[in-house]
Amino acid sequence: MALRRALGLALGIALLTAAAASAQPLTQTFRSAPSLRAPILSFSGSVPDVSAGDIFVDAQNSLQAGPMIISPHGQLIWFDPLPNDGVARNVEVQRYRGRSVLTFWQGFGHAFGVGHDVLLDHSYQMITTVQGANGYTADTHAFQITPQGTALIAAYAAVPADLSSVGGPRKGTLVNGAVQEIDIATGALRWQWSTRDHIPLSASYAGRPGRGAYDAYHLNSVQQLANGNVLVSVRNTWALYELDKQTGRIVWTLGGKHSTFRLGPGAGFEWQHDGAMLPDGTITVFDDGAALTPHGLIKDEPQSRGLRIHLDLEARTATLLRAYTNSPPLLSQSQGSVQALSDGNTFVGWGSQPYFTEFGRDGSQLFSIHFPTPLQSYRAFRYPWWGQPPVRPAIAVARTRSGTRVYASWNGTTGIASWRVLAAPSATAPGSAVGQFKRTSFETSMWVPSTQPFVAVQALGGDGHVLGTSAAVAR
(Lines give C-alpha, C1' and ligand atoms only; values in the text may rest on other atoms or scores of the structure.)
Protein backbone atom coordinates (compact mmCIF):
# COMPACT_ATOMS: atom_id res chain seq x y z
CA MET A 1 0.00 0.00 0.00
CA ALA A 2 2.85 2.39 0.87
CA LEU A 3 4.43 1.66 -2.51
CA ARG A 4 1.22 2.53 -4.37
CA ARG A 5 0.66 5.70 -2.32
CA ALA A 6 4.20 6.94 -2.97
CA LEU A 7 4.06 6.26 -6.69
CA GLY A 8 0.58 7.73 -6.98
CA LEU A 9 1.54 10.91 -5.10
CA ALA A 10 4.61 11.55 -7.25
CA LEU A 11 2.70 11.01 -10.47
CA GLY A 12 -0.30 13.00 -9.22
CA ILE A 13 1.83 16.06 -8.50
CA ALA A 14 3.36 15.87 -11.99
CA LEU A 15 -0.06 15.55 -13.63
CA LEU A 16 -1.57 18.46 -11.73
CA THR A 17 1.32 20.63 -12.82
CA ALA A 18 0.91 19.58 -16.45
CA ALA A 19 -2.86 20.06 -16.34
CA ALA A 20 -2.50 23.57 -14.95
CA ALA A 21 -0.17 24.45 -17.81
CA SER A 22 -2.62 23.16 -20.43
CA ALA A 23 -5.31 25.58 -21.57
CA GLN A 24 -6.82 23.38 -24.28
CA PRO A 25 -9.94 21.22 -23.77
CA LEU A 26 -9.19 17.58 -23.03
CA THR A 27 -12.39 15.78 -23.97
CA GLN A 28 -15.09 15.71 -26.63
CA THR A 29 -18.84 15.36 -26.06
CA PHE A 30 -21.64 13.75 -28.06
CA ARG A 31 -25.36 14.58 -28.18
CA SER A 32 -26.34 10.95 -28.77
CA ALA A 33 -23.98 9.59 -26.07
CA PRO A 34 -23.97 12.28 -23.37
CA SER A 35 -22.33 10.03 -20.75
CA LEU A 36 -19.13 9.71 -22.82
CA ARG A 37 -16.30 12.21 -22.36
CA ALA A 38 -13.70 10.75 -24.71
CA PRO A 39 -10.28 12.39 -25.13
CA ILE A 40 -9.86 14.80 -28.00
CA LEU A 41 -7.84 13.31 -30.87
CA SER A 42 -5.64 15.33 -33.22
CA PHE A 43 -4.42 13.85 -36.52
CA SER A 44 -1.66 14.88 -38.93
CA GLY A 45 -0.13 13.21 -41.99
CA SER A 46 -1.63 10.59 -44.29
CA VAL A 47 -2.56 6.93 -43.84
CA PRO A 48 -1.12 4.80 -46.66
CA ASP A 49 -2.63 1.49 -45.55
CA VAL A 50 -5.82 0.99 -43.54
CA SER A 51 -5.51 -2.82 -43.78
CA ALA A 52 -3.16 -2.83 -40.79
CA GLY A 53 -6.24 -2.19 -38.70
CA ASP A 54 -7.50 0.19 -36.08
CA ILE A 55 -5.52 1.69 -33.21
CA PHE A 56 -5.80 0.37 -29.66
CA VAL A 57 -4.86 2.65 -26.77
CA ASP A 58 -5.87 3.53 -23.23
CA ALA A 59 -6.88 6.93 -21.92
CA GLN A 60 -5.07 7.92 -18.74
CA ASN A 61 -5.38 11.14 -16.73
CA SER A 62 -8.56 12.04 -18.55
CA LEU A 63 -11.92 13.00 -17.10
CA GLN A 64 -12.87 9.42 -17.91
CA ALA A 65 -10.26 6.64 -18.11
CA GLY A 66 -10.57 3.39 -20.01
CA PRO A 67 -9.69 1.37 -23.12
CA MET A 68 -10.17 2.95 -26.55
CA ILE A 69 -10.23 1.97 -30.20
CA ILE A 70 -9.66 4.71 -32.77
CA SER A 71 -9.45 4.65 -36.55
CA PRO A 72 -6.13 5.27 -38.35
CA HIS A 73 -7.52 8.71 -39.23
CA GLY A 74 -8.01 9.60 -35.58
CA GLN A 75 -11.76 9.02 -35.20
CA LEU A 76 -13.16 7.40 -32.09
CA ILE A 77 -14.63 3.91 -32.59
CA TRP A 78 -15.02 2.59 -29.02
CA PHE A 79 -14.48 4.01 -25.57
CA ASP A 80 -15.30 2.25 -22.31
CA PRO A 81 -15.01 4.58 -19.31
CA LEU A 82 -14.26 2.46 -16.26
CA PRO A 83 -16.26 3.07 -13.07
CA ASN A 84 -14.96 4.06 -9.64
CA ASP A 85 -11.76 5.71 -10.91
CA GLY A 86 -10.60 2.48 -12.53
CA VAL A 87 -7.93 2.51 -15.22
CA ALA A 88 -6.95 0.32 -18.16
CA ARG A 89 -3.54 -0.40 -19.65
CA ASN A 90 -2.07 -2.42 -22.50
CA VAL A 91 -5.05 -2.75 -24.86
CA GLU A 92 -4.43 -5.47 -27.46
CA VAL A 93 -6.10 -7.96 -29.79
CA GLN A 94 -4.96 -11.54 -29.17
CA ARG A 95 -6.16 -15.07 -29.90
CA TYR A 96 -7.73 -17.39 -27.35
CA ARG A 97 -9.18 -20.79 -28.20
CA GLY A 98 -8.98 -20.10 -31.91
CA ARG A 99 -10.73 -16.72 -31.93
CA SER A 100 -9.67 -13.13 -31.63
CA VAL A 101 -10.31 -11.38 -28.32
CA LEU A 102 -9.77 -7.91 -26.90
CA THR A 103 -7.50 -7.86 -23.85
CA PHE A 104 -6.25 -5.29 -21.37
CA TRP A 105 -5.27 -4.85 -17.73
CA GLN A 106 -7.93 -3.27 -15.55
CA GLY A 107 -7.45 -2.00 -12.03
CA PHE A 108 -6.45 0.90 -9.84
CA GLY A 109 -3.24 2.87 -9.34
CA HIS A 110 -0.19 3.71 -11.42
CA ALA A 111 2.89 1.65 -12.33
CA PHE A 112 2.36 -1.36 -10.03
CA GLY A 113 -1.41 -1.14 -9.83
CA VAL A 114 -3.82 -3.56 -8.21
CA GLY A 115 -5.97 -5.34 -10.77
CA HIS A 116 -6.33 -8.17 -13.24
CA ASP A 117 -6.22 -8.91 -16.95
CA VAL A 118 -9.49 -9.19 -18.87
CA LEU A 119 -10.62 -10.84 -22.11
CA LEU A 120 -13.59 -9.44 -24.08
CA ASP A 121 -15.37 -10.82 -27.12
CA HIS A 122 -16.37 -8.87 -30.23
CA SER A 123 -19.51 -7.59 -28.51
CA TYR A 124 -17.31 -6.23 -25.69
CA GLN A 125 -18.69 -8.75 -23.21
CA MET A 126 -16.46 -10.33 -20.59
CA ILE A 127 -15.11 -13.79 -21.38
CA THR A 128 -12.94 -14.22 -18.29
CA THR A 129 -10.27 -12.56 -16.16
CA VAL A 130 -6.74 -13.58 -15.19
CA GLN A 131 -5.32 -12.96 -11.72
CA GLY A 132 -1.82 -13.18 -10.32
CA ALA A 133 -0.98 -16.22 -8.20
CA ASN A 134 1.30 -17.32 -5.37
CA GLY A 135 0.94 -14.02 -3.51
CA TYR A 136 1.74 -11.88 -6.56
CA THR A 137 -0.52 -9.22 -8.08
CA ALA A 138 -1.03 -9.01 -11.85
CA ASP A 139 0.27 -5.58 -12.81
CA THR A 140 -0.13 -3.24 -15.75
CA HIS A 141 2.91 -4.26 -17.72
CA ALA A 142 2.34 -7.45 -19.69
CA PHE A 143 -0.29 -10.01 -20.63
CA GLN A 144 0.41 -12.44 -23.48
CA ILE A 145 -1.88 -15.33 -24.37
CA THR A 146 -0.01 -18.43 -25.55
CA PRO A 147 -1.21 -21.05 -28.08
CA GLN A 148 -1.46 -23.45 -25.13
CA GLY A 149 -4.33 -21.48 -23.58
CA THR A 150 -2.17 -20.01 -20.86
CA ALA A 151 -1.20 -16.41 -20.20
CA LEU A 152 2.24 -15.01 -19.48
CA ILE A 153 1.77 -12.06 -17.17
CA ALA A 154 3.95 -9.59 -15.32
CA ALA A 155 3.24 -9.60 -11.59
CA TYR A 156 4.81 -8.12 -8.50
CA ALA A 157 5.07 -8.52 -4.75
CA ALA A 158 6.77 -6.41 -2.07
CA VAL A 159 9.15 -8.77 -0.28
CA PRO A 160 11.66 -8.43 2.59
CA ALA A 161 15.23 -8.00 1.31
CA ASP A 162 18.72 -7.08 2.44
CA LEU A 163 19.45 -3.86 0.54
CA SER A 164 22.76 -3.03 2.21
CA SER A 165 24.75 -3.90 -0.94
CA VAL A 166 23.13 -0.94 -2.73
CA GLY A 167 23.21 1.48 0.19
CA GLY A 168 19.86 0.54 1.72
CA PRO A 169 18.81 -1.09 5.00
CA ARG A 170 19.49 -4.71 5.81
CA LYS A 171 15.83 -5.16 6.63
CA GLY A 172 14.42 -3.42 3.61
CA THR A 173 11.57 -4.04 1.18
CA LEU A 174 12.06 -4.93 -2.48
CA VAL A 175 9.58 -4.76 -5.35
CA ASN A 176 10.10 -8.21 -6.83
CA GLY A 177 8.88 -8.67 -10.39
CA ALA A 178 7.78 -12.07 -11.61
CA VAL A 179 6.78 -13.67 -14.88
CA GLN A 180 3.91 -16.05 -14.21
CA GLU A 181 2.31 -18.51 -16.59
CA ILE A 182 -1.33 -18.86 -15.65
CA ASP A 183 -3.82 -21.38 -17.06
CA ILE A 184 -6.59 -19.07 -18.26
CA ALA A 185 -9.40 -21.60 -17.83
CA THR A 186 -8.52 -22.67 -14.28
CA GLY A 187 -6.35 -19.87 -12.89
CA ALA A 188 -3.67 -22.39 -11.94
CA LEU A 189 -0.03 -21.27 -11.81
CA ARG A 190 2.03 -23.27 -14.33
CA TRP A 191 5.41 -21.55 -14.13
CA GLN A 192 7.11 -18.65 -12.39
CA TRP A 193 10.36 -16.75 -12.76
CA SER A 194 11.36 -13.84 -10.54
CA THR A 195 13.86 -11.03 -11.02
CA ARG A 196 15.56 -11.19 -7.63
CA ASP A 197 16.35 -14.89 -8.02
CA HIS A 198 18.33 -14.34 -11.24
CA ILE A 199 19.46 -10.70 -11.47
CA PRO A 200 21.76 -9.13 -8.86
CA LEU A 201 20.77 -5.85 -7.24
CA SER A 202 24.05 -4.41 -8.49
CA ALA A 203 22.69 -4.59 -12.07
CA SER A 204 20.15 -1.87 -11.29
CA TYR A 205 20.35 1.80 -12.26
CA ALA A 206 17.63 2.74 -9.76
CA GLY A 207 20.11 4.40 -7.38
CA ARG A 208 20.11 4.18 -3.61
CA PRO A 209 16.96 2.86 -1.96
CA GLY A 210 14.69 5.47 -0.39
CA ARG A 211 12.12 5.11 2.35
CA GLY A 212 9.63 3.08 0.32
CA ALA A 213 9.91 -0.30 -1.34
CA TYR A 214 12.95 -0.43 -3.62
CA ASP A 215 12.08 -0.81 -7.30
CA ALA A 216 15.41 -2.25 -8.41
CA TYR A 217 14.09 -4.15 -11.43
CA HIS A 218 10.72 -3.01 -12.87
CA LEU A 219 9.85 -5.92 -15.14
CA ASN A 220 7.74 -4.41 -17.94
CA SER A 221 7.33 -6.75 -20.91
CA VAL A 222 7.07 -10.49 -21.50
CA GLN A 223 7.11 -12.46 -24.76
CA GLN A 224 7.04 -16.19 -25.44
CA LEU A 225 9.57 -16.93 -28.18
CA ALA A 226 9.30 -19.43 -31.01
CA ASN A 227 11.91 -21.67 -29.35
CA GLY A 228 9.82 -21.91 -26.19
CA ASN A 229 11.96 -19.51 -24.20
CA VAL A 230 10.78 -16.19 -22.81
CA LEU A 231 12.02 -12.65 -23.54
CA VAL A 232 11.61 -10.07 -20.79
CA SER A 233 12.38 -6.37 -20.45
CA VAL A 234 13.63 -5.16 -17.07
CA ARG A 235 13.48 -1.40 -17.22
CA ASN A 236 15.67 -0.42 -14.26
CA THR A 237 18.57 -2.61 -15.38
CA TRP A 238 18.37 -1.16 -18.92
CA ALA A 239 18.37 -4.70 -20.30
CA LEU A 240 16.42 -7.40 -22.15
CA TYR A 241 16.89 -11.04 -21.15
CA GLU A 242 16.17 -14.32 -22.90
CA LEU A 243 15.14 -16.88 -20.29
CA ASP A 244 15.44 -20.64 -20.62
CA LYS A 245 11.89 -21.77 -19.89
CA GLN A 246 13.02 -25.12 -18.54
CA THR A 247 15.74 -23.99 -16.13
CA GLY A 248 15.03 -20.29 -15.57
CA ARG A 249 18.62 -19.55 -16.57
CA ILE A 250 19.37 -16.31 -18.41
CA VAL A 251 20.51 -17.32 -21.91
CA TRP A 252 21.68 -13.84 -22.90
CA THR A 253 21.43 -10.22 -21.84
CA LEU A 254 21.06 -7.27 -24.21
CA GLY A 255 22.06 -3.95 -22.68
CA GLY A 256 22.72 -2.87 -19.13
CA LYS A 257 25.86 -3.43 -17.05
CA HIS A 258 26.39 -7.05 -18.05
CA SER A 259 25.42 -7.22 -21.73
CA THR A 260 26.22 -10.43 -23.58
CA PHE A 261 26.41 -8.35 -26.76
CA ARG A 262 28.75 -5.55 -27.71
CA LEU A 263 26.45 -2.66 -28.60
CA GLY A 264 27.12 -0.85 -31.85
CA PRO A 265 26.59 2.91 -32.31
CA GLY A 266 23.07 3.94 -31.30
CA ALA A 267 22.08 0.44 -30.17
CA GLY A 268 22.10 1.26 -26.46
CA PHE A 269 18.96 2.15 -24.54
CA GLU A 270 17.91 3.34 -21.08
CA TRP A 271 14.68 2.87 -19.05
CA GLN A 272 13.22 0.88 -21.96
CA HIS A 273 9.77 -0.64 -22.54
CA ASP A 274 8.17 -3.27 -24.78
CA GLY A 275 11.10 -5.42 -25.85
CA ALA A 276 10.11 -7.96 -28.52
CA MET A 277 11.77 -10.39 -30.91
CA LEU A 278 10.48 -10.50 -34.49
CA PRO A 279 10.26 -13.72 -36.55
CA ASP A 280 13.59 -12.89 -38.25
CA GLY A 281 15.32 -12.63 -34.87
CA THR A 282 15.67 -8.84 -34.80
CA ILE A 283 14.70 -6.96 -31.66
CA THR A 284 12.34 -4.01 -31.30
CA VAL A 285 12.31 -1.93 -28.14
CA PHE A 286 11.05 1.47 -27.01
CA ASP A 287 13.99 3.48 -25.67
CA ASP A 288 12.48 5.97 -23.22
CA GLY A 289 15.85 7.56 -22.49
CA ALA A 290 14.38 9.16 -19.34
CA ALA A 291 12.66 8.20 -16.11
CA LEU A 292 10.75 9.80 -13.27
CA THR A 293 12.33 8.19 -10.19
CA PRO A 294 12.02 8.79 -6.43
CA HIS A 295 15.22 10.81 -6.84
CA GLY A 296 13.70 13.05 -9.51
CA LEU A 297 13.51 13.17 -13.31
CA ILE A 298 16.53 11.58 -15.00
CA LYS A 299 17.25 12.39 -18.66
CA ASP A 300 19.82 10.16 -20.34
CA GLU A 301 18.92 11.02 -23.94
CA PRO A 302 17.58 14.13 -25.71
CA GLN A 303 14.57 12.25 -27.12
CA SER A 304 12.90 8.86 -26.98
CA ARG A 305 13.31 6.39 -29.84
CA GLY A 306 11.75 3.27 -31.25
CA LEU A 307 14.60 0.88 -32.06
CA ARG A 308 15.10 -2.10 -34.34
CA ILE A 309 18.27 -4.03 -33.50
CA HIS A 310 20.02 -6.95 -35.21
CA LEU A 311 21.60 -9.55 -32.93
CA ASP A 312 24.57 -11.63 -34.14
CA LEU A 313 24.48 -14.53 -31.72
CA GLU A 314 27.83 -15.91 -32.85
CA ALA A 315 29.80 -12.68 -32.89
CA ARG A 316 27.87 -11.40 -29.84
CA THR A 317 27.20 -8.01 -31.39
CA ALA A 318 24.07 -5.83 -31.47
CA THR A 319 23.70 -3.50 -34.45
CA LEU A 320 21.17 -0.70 -34.79
CA LEU A 321 19.12 -1.21 -37.95
CA ARG A 322 16.86 1.82 -37.53
CA ALA A 323 15.86 4.38 -34.93
CA TYR A 324 12.42 5.99 -35.12
CA THR A 325 12.08 9.49 -33.68
CA ASN A 326 9.00 11.65 -33.68
CA SER A 327 8.56 15.08 -35.20
CA PRO A 328 8.22 17.11 -33.02
CA PRO A 329 10.86 15.45 -30.78
CA LEU A 330 9.45 13.66 -27.72
CA LEU A 331 11.09 12.52 -24.49
CA SER A 332 9.00 10.01 -22.55
CA GLN A 333 9.67 9.40 -18.89
CA SER A 334 7.63 6.17 -18.81
CA GLN A 335 5.68 3.64 -20.90
CA GLY A 336 5.82 3.30 -24.70
CA SER A 337 5.74 0.61 -27.39
CA VAL A 338 7.07 -0.42 -30.80
CA GLN A 339 5.08 -2.64 -33.18
CA ALA A 340 6.33 -4.02 -36.49
CA LEU A 341 3.35 -4.13 -38.86
CA SER A 342 2.73 -6.78 -41.52
CA ASP A 343 3.15 -4.24 -44.35
CA GLY A 344 6.68 -3.37 -43.22
CA ASN A 345 5.72 -0.16 -41.44
CA THR A 346 6.38 0.45 -37.75
CA PHE A 347 3.90 1.84 -35.24
CA VAL A 348 5.20 3.59 -32.12
CA GLY A 349 3.31 4.62 -28.99
CA TRP A 350 5.15 7.28 -27.00
CA GLY A 351 3.83 6.46 -23.54
CA SER A 352 3.87 9.43 -21.20
CA GLN A 353 3.99 11.64 -24.28
CA PRO A 354 0.45 11.21 -25.70
CA TYR A 355 1.43 10.52 -29.33
CA PHE A 356 0.99 7.50 -31.65
CA THR A 357 3.07 7.54 -34.83
CA GLU A 358 3.44 5.31 -37.88
CA PHE A 359 6.69 5.15 -39.85
CA GLY A 360 7.25 3.77 -43.34
CA ARG A 361 9.77 1.13 -44.37
CA ASP A 362 12.33 3.86 -45.01
CA GLY A 363 11.81 5.37 -41.55
CA SER A 364 9.80 8.36 -42.76
CA GLN A 365 7.00 9.60 -40.50
CA LEU A 366 3.67 8.89 -42.19
CA PHE A 367 1.04 10.03 -39.70
CA SER A 368 0.65 10.93 -36.06
CA ILE A 369 -2.28 11.05 -33.66
CA HIS A 370 -2.14 12.61 -30.23
CA PHE A 371 -4.12 13.35 -27.10
CA PRO A 372 -3.81 16.71 -25.37
CA THR A 373 -1.39 16.87 -22.44
CA PRO A 374 -1.49 15.58 -19.67
CA LEU A 375 -3.29 12.55 -21.12
CA GLN A 376 -1.25 9.40 -21.73
CA SER A 377 -1.51 5.88 -23.11
CA TYR A 378 0.65 3.05 -21.79
CA ARG A 379 1.08 1.45 -25.21
CA ALA A 380 -0.47 1.80 -28.68
CA PHE A 381 -1.01 -0.94 -31.26
CA ARG A 382 -2.73 -1.54 -34.60
CA TYR A 383 -4.86 -4.62 -35.26
CA PRO A 384 -7.69 -5.65 -37.58
CA TRP A 385 -10.93 -5.74 -35.55
CA TRP A 386 -14.67 -5.90 -35.88
CA GLY A 387 -17.10 -5.09 -33.13
CA GLN A 388 -20.82 -4.88 -32.55
CA PRO A 389 -22.16 -4.39 -29.02
CA PRO A 390 -25.49 -5.91 -27.94
CA VAL A 391 -27.13 -2.49 -27.43
CA ARG A 392 -29.00 -0.43 -30.03
CA PRO A 393 -27.56 2.56 -31.85
CA ALA A 394 -27.84 5.81 -29.91
CA ILE A 395 -29.87 8.78 -31.13
CA ALA A 396 -30.60 12.35 -30.13
CA VAL A 397 -32.83 14.85 -31.92
CA ALA A 398 -33.49 18.58 -31.88
CA ARG A 399 -36.30 20.49 -33.55
CA THR A 400 -35.55 23.14 -36.13
CA ARG A 401 -37.95 25.58 -37.82
CA SER A 402 -38.48 23.44 -40.88
CA GLY A 403 -37.23 20.00 -39.90
CA THR A 404 -35.23 17.92 -37.44
CA ARG A 405 -31.55 17.75 -36.50
CA VAL A 406 -30.57 14.15 -35.80
CA TYR A 407 -27.42 12.84 -34.05
CA ALA A 408 -26.46 9.16 -34.30
CA SER A 409 -23.66 6.99 -32.88
CA TRP A 410 -23.06 3.38 -31.92
CA ASN A 411 -20.18 2.95 -29.50
CA GLY A 412 -17.88 0.11 -30.59
CA THR A 413 -19.60 -0.86 -33.83
CA THR A 414 -17.35 -1.14 -36.88
CA GLY A 415 -18.38 -1.25 -40.51
CA ILE A 416 -20.97 1.53 -40.44
CA ALA A 417 -20.96 3.22 -43.84
CA SER A 418 -24.07 5.38 -43.54
CA TRP A 419 -27.12 6.24 -41.44
CA ARG A 420 -30.74 6.13 -42.56
CA VAL A 421 -33.19 8.43 -40.78
CA LEU A 422 -36.73 7.13 -40.20
CA ALA A 423 -39.74 9.24 -39.23
CA ALA A 424 -43.09 8.05 -37.88
CA PRO A 425 -46.34 9.42 -36.42
CA SER A 426 -45.94 7.36 -33.20
CA ALA A 427 -43.29 5.41 -31.30
CA THR A 428 -44.79 2.08 -32.42
CA ALA A 429 -45.71 2.95 -36.00
CA PRO A 430 -43.44 1.77 -38.84
CA GLY A 431 -41.03 4.51 -39.81
CA SER A 432 -40.46 5.73 -43.32
CA ALA A 433 -37.07 6.78 -44.67
CA VAL A 434 -36.66 10.55 -44.83
CA GLY A 435 -32.92 10.75 -45.46
CA GLN A 436 -29.66 8.79 -45.75
CA PHE A 437 -26.23 10.19 -44.86
CA LYS A 438 -22.63 9.03 -44.98
CA ARG A 439 -21.11 8.30 -41.58
CA THR A 440 -18.68 11.13 -40.85
CA SER A 441 -17.23 10.35 -37.42
CA PHE A 442 -18.10 8.69 -34.10
CA GLU A 443 -21.25 10.82 -34.08
CA THR A 444 -22.87 11.85 -37.35
CA SER A 445 -25.00 14.99 -37.41
CA MET A 446 -27.85 15.02 -39.96
CA TRP A 447 -30.77 17.29 -40.88
CA VAL A 448 -34.01 16.11 -42.45
CA PRO A 449 -37.00 18.20 -43.61
CA SER A 450 -39.40 16.14 -41.52
CA THR A 451 -41.63 17.25 -38.67
CA GLN A 452 -43.05 13.82 -37.87
CA PRO A 453 -43.41 13.34 -34.08
CA PHE A 454 -40.96 10.41 -33.78
CA VAL A 455 -37.54 9.71 -35.29
CA ALA A 456 -35.22 6.67 -35.39
CA VAL A 457 -32.00 5.79 -37.21
CA GLN A 458 -30.65 2.68 -38.90
CA ALA A 459 -26.93 1.92 -39.17
CA LEU A 460 -26.11 0.59 -42.65
CA GLY A 461 -23.12 -1.45 -43.77
CA GLY A 462 -21.16 -0.85 -46.94
CA ASP A 463 -23.54 -3.02 -48.94
CA GLY A 464 -26.59 -1.26 -47.56
CA HIS A 465 -27.69 -3.98 -45.14
CA VAL A 466 -29.06 -2.89 -41.77
CA LEU A 467 -26.64 -3.43 -38.87
CA GLY A 468 -29.02 -2.13 -36.23
CA THR A 469 -31.93 0.23 -35.55
CA SER A 470 -32.24 2.71 -32.70
CA ALA A 471 -35.25 3.23 -30.50
CA ALA A 472 -37.77 5.77 -31.77
CA VAL A 473 -37.50 9.05 -29.87
CA ALA A 474 -39.87 12.01 -29.70
CA ARG A 475 -38.91 14.95 -31.84
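User: Which residues have the most contacts inside the largest nonpolar core?

Analyst: They are Val-130, Ile-153, Leu-174, Val-179, Leu-201, Tyr-214 and Val-232, in a core of 42 residues. A nonpolar core is a set of buried Ala, Val, Leu, Ile, Met, Phe, Trp, Tyr and Cys residues joined through side-chain atoms within 4.5 Å. The model is predicted: local features need pLDDT of at least 70 and side-chain atom pairs pLDDT 80 or more, whereas totals for chains, interfaces and linings use all residues. Residues are numbered from 1 along each chain as its sequence is written, and side-chain values use heavy atoms, without hydrogens and water.

User: Why is Thr-103 called buried?

Analyst: Buried means under 20% relative accessible area, exposed over 50%, and partly exposed in between (1.4 Å probe, protein chains only). Thr-103 has 1% relative accessibility, and therefore counts as buried.

User: What makes the pairing of Thr-103 and Gln-94 a polar contact?

Analyst: Their side chains are joined at 2.9 Å. The term requires N or O atoms within 3.5 Å, within protein one able to donate a hydrogen and the other to accept it; residues adjacent in sequence count only if both atoms are side-chain atoms.

User: Why is Arg-97 called exposed?

Analyst: Arg-97 is exposed because its relative accessibility is 66%. Its phi is near 55 degrees, a positive value in a residue other than glycine.

User: Is Trp-271 buried or exposed?

Analyst: Trp-271 has a relative accessible area of 2%, so it is buried. Its phi is also positive, near 55 degrees.
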